[in-house]
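Please keep the model open while going through the points.

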Amino acid sequence: MSDLPSFASEFRRGALRFVPVAISVAAYGLVWGVLAGQKGLSLADVALMSGLVFAGASQFVALDMWQSGALPLVSIVVATLIVNLRLVLMSATMRPLVSHLPPWQALAAMFFVSDESWAMTMAARDRGGAGLAFFLGTGVLCWVSWLASTVIGRLVGSVIEDPTALGLDFA
């Protein structure tokens with residue numbers, strides 16, 4: 001019997017360590033969801049953008065540029081690419097964790113790179129105890145927290161007439 005932890009136990013360890021951070025991610029997600037509703041995004045728009053883009057900083061940038069009617073699509077894409085360039089560098093530092101995987105699986109795993117999951121994984125790795133499963137535990141919980149909170153924020157936002165009255169315009 002091996003002394004190495006199982007994938008499931010390491011995934012769970014990463015997710016459990018991420019819980020306090022997931023709460024703060026959810027707070028920002030709620031705000032983003034409220035503001036997205038104020039910009040006219042539907043519940044489906046919010047769910048698709050948060051689920052597929054999964055990049056809070058760039059989503060706030062895109063939302064700020066969002067206009068009814070003709071969207072400045074090229075400007076939004078360029079701005080979000082610039083904001084997300086740091087994720088390319090973060091993903092490069094995670095190469096040792098995914099080097100044993102086929103390229104498509106490594107790329108799929110890198111979908112879950114966020115500032116928070118990357119920082120927690122690198123800190124745990126430097127202490128000698130984080131691998132791919134730990135990273136995926138943090139990343140999947142981050143994604144679930146972001147997606148769920150933006151959708152909830154959109155639902156709650158539909159009953160808030162003026163988000164500035166609650167101080168939600170800070171974003």
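1. A crossing of two helices is called right-handed if the near helix is turned clockwise from the far one by less than a right angle, and left-handed if it is turned anticlockwise. By this rule, helix 7 passes helix 8 in a right-handed crossing. Please bear in mind that the model is predicted.

2. Two packed helices are described by the angle between their axes and the distance between the axes. For helix 7 (residues 115–126) and helix 8, the angle is about 160° and the axes are 9 Å apart. Angles over 145 degrees count as roughly antiparallel, and helix 7 is therefore roughly antiparallel to helix 8.

3. Which residues bring helix 7 and helix 8 into contact? On the helix 7 side they are Glu116, Ser117, Met120, Thr121 and Ala124. Their partners in helix 8 are Phe134, Phe135, Thr138, Gly139 and Cys142.

4. Helix 8 also packs with helix 2, at an angle of about 160° and with the axes 9 Å apart. These two helices are therefore roughly antiparallel to each other, and their crossing is right-handed. Helix 2 contributes Leu43, Val46, Ala47, Ser50 and Gly51 to the contact, while helix 8 contributes Trp143, Trp146, Leu147, Thr150, Val151, Arg154 and Leu155.

5. The largest nonpolar core has 18 residues. Trp32, Ala36, Leu41, Phe60, Leu63 and Trp146 have the most contacts inside this core. Two or more of its residues come from each of helix 1 (7–38), helix 2 (43–52), helix 3 (56–65) and helix 8. Helix 1 gives the most, with seven residues.

6. Leu41 deserves a separate look. Apart from its neighbours within four places in sequence, Leu41 is in contact with Trp32, Ala36, Val46, Met49, Leu63, Trp66 and Arg154. There is also a second, separate core of 15 residues, which includes Leu97, Ala106, Ala109 and Phe135.

7. A polar atom of the Ser149 side chain lies 3.2 Å from the backbone oxygen of Trp146. Not counting residues up to four places away in sequence, Ser149 touches Val25, Ala26, Gly29 and Leu30.

Key
Residues numbered from 1 in each chain as written. Predicted model: local features only at pLDDT ≥ 70, side-chain atom pairs only at ≥ 80, totals over all residues. Heavy atoms only, no water. Polar contact = N/O pair within 3.5 Å; in protein donor to acceptor, adjacent residues only side chain to side chain. Contact = heavy atoms within 4.5 Å. Core = buried A, V, L, I, M, F, W, Y, C linked by side-chain atoms within 4.5 Å. Buried < 20%, exposed > 50% of the residue type's maximum accessible area, 1.4 Å probe, protein only. Helix = DSSP H or I, 4+ residues; strand = E, 2+ residues; numbered from the N terminus. Axes fitted to C-alpha atoms, helices over the stretch in contact; angles between N-to-C directions. Parallel < 35°, antiparallel > 145°, perpendicular 65-115°, else oblique.
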